[in-house]
Amino acid sequence: MNCPCSRSHFRWLRQLCSLICLLAGCCIPPARAQNLDKPLQSIDEEITAFAYAPDGRIVYAVNRKFKTKLYDLEHDDIWLQDAGGKRRRLLEGQKFSRGNQPFSYIVNSFRWSSNGHFILAELLTTTVTDESGRTQDSFQTLVLDDSGKEIRIAKGDSVIPDAGAPFFLPDNITINCLSEAVVPRILFSLKAARLDTGIFKSPHEGRTFRDLLPLPGVYAAIAIEQDHTMTGPARLQRLKLLIDEHEELATLDGYLGGLSVSPSGKKVAYFIDKEVLEVRDLASPDHLARVRIGLGVFHWSPDESRILLKRAIEKKSGDLVWIDLPPLTAAAKDHDIPIAQPEPHMVLHGFSIRDFAISPDSRFLAVVITGRRNLLVFPLPQR
């Protein structure tokens, strides 16, 4: 059974309950308890970002600090771990430089190509712009292959400037990413590049989006479109990425973030406010469900019947819980959409997690534990 305190809105009480349960062995069925002291794999480094490859390898960034005569800088190293646990460094951060201006960067996220050969690393950078020490923040995308070689786009640079949330199209050559249209990172335009020919004009140039994610296996994406003045409602769109063609799926009652496409590409979910997650069928957009779970970061279960939720926003710490999703039903006109309130099912004893991911084969859960910041891999816990 679950302790009533584990469902409390107060994090300190959930953490205290988790610690007592771990020491006493109560509240959690022994057969399903996860031993945090004995993970299947452990990377004992200060991890800033990581991602699973299609074949189960893990690319990860390790925070590194070093001093120059004038500045203390940060340049993350990038490493790759294979399925057997063998590791090799792909990029030594201290040797990564661009131009004559000193700069710091951390890796914000990784994205693999579908063939598992190329890696896109989104970098958050702070560059010293003059002798007074004034700095400028930006984001850019570094392109590597899985041997650590920097991939020079059209024989130029391996970095795409002003490029965040990057992803490869199924051809493993074309990259789409987001460029700031309204700062700071409020609205974005779509940016495109090919490894062989370089940056090119997106068919959707001039349109602005809150969020955009690719649909698996096709040359299309799901986007939350918002007009540049932000006076109109957010609209859920399906875009064809290589031609100027789109389909409006729904006008949303609200949008706060968390856009996520299900593994099959048949559903989409997003937060309409700080409490409610909306799940929608992409083939029948009038079929949807709403769930009151609180704002957080989540991943879908393989069968898409539930989500694994970190009860905290991106890059913040929270516990992990399974949330059952209700069936999607047609929304009745002129009637309020019902909001389900499922009971959360805690995993990993409610310990505080900073980041997490489910492996492509759905067998493993990788987590970055708050405080230690190292990466641990466990069998995917069930409720």
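Reader: Where is Gln-140 found in this structure?

Author: This is a predicted model, and in it Gln-140 sits in strand β10, which covers residues 135–145.

Reader: Why is Gln-140 called buried?

Author: Its relative accessibility is 16%. Buried means under 20%, so Gln-140 counts as buried.

Reader: Which residues is Gln-140 in contact with, leaving aside its neighbours within four places in sequence?

Author: Quite a list: Ala-121, Glu-122, Leu-123 and Thr-125, and then Val-159, Ile-160, Pro-161, Asp-162 and Ala-163.

Reader: What is the order of the strands in the open sheet?

Author: The order is β8-β9-β10-β11, four strands with antiparallel pairing.

Reader: What makes β8 and β11 the edge strands?

Author: Each of them pairs on one side only. That goes for β8 (103–112) and for β11 (159–161).

Reader: By how many degrees are neighbouring strands of this sheet turned against each other on average?

Author: By 25 degrees, direction ignored.

Reader: How do you know that β9 and β10 pair?

Author: Two strands pair if DSSP finds at least two bridges between them. Here 11 bridges join β9 (residues 118–128) to β10, so these antiparallel strands do pair. Take Thr-127: its bridge partner in β10 is Gln-136.

Reader: Let's turn to charges. How many salt bridges does the structure hold?

Author: There are 26 salt bridges.

Reader: What makes Arg-57 and Asp-55 a salt bridge?

Author: The cut-off is 4 Å between a side-chain nitrogen of Lys or Arg and a carboxyl oxygen of Asp or Glu. For Arg-57 and Asp-55 the closest N and O atoms are 3.0 Å apart, so the pair qualifies.

Reader: Which side chain does Asp-72 meet in a salt bridge?

Author: That of Lys-67, at 3.2 Å from N to O. Both Asp-72 and Lys-67 are exposed.

Reader: Which residues do salt bridges that share partners join into one network?

Author: Glu-45, Arg-64, Asp-77, Arg-89, Glu-92 and Lys-95.

Technical notes
Residues numbered from 1 in each chain as written. Predicted model: local features only at pLDDT ≥ 70, side-chain atom pairs only at ≥ 80, totals over all residues. Heavy atoms only, no water. Helix = DSSP H or I, 4+ residues; strand = E, 2+ residues; numbered from the N terminus. Buried < 20%, exposed > 50% of the residue type's maximum accessible area, 1.4 Å probe, protein only. Contact = heavy atoms within 4.5 Å. Axes fitted to C-alpha atoms, helices over the stretch in contact; angles between N-to-C directions.
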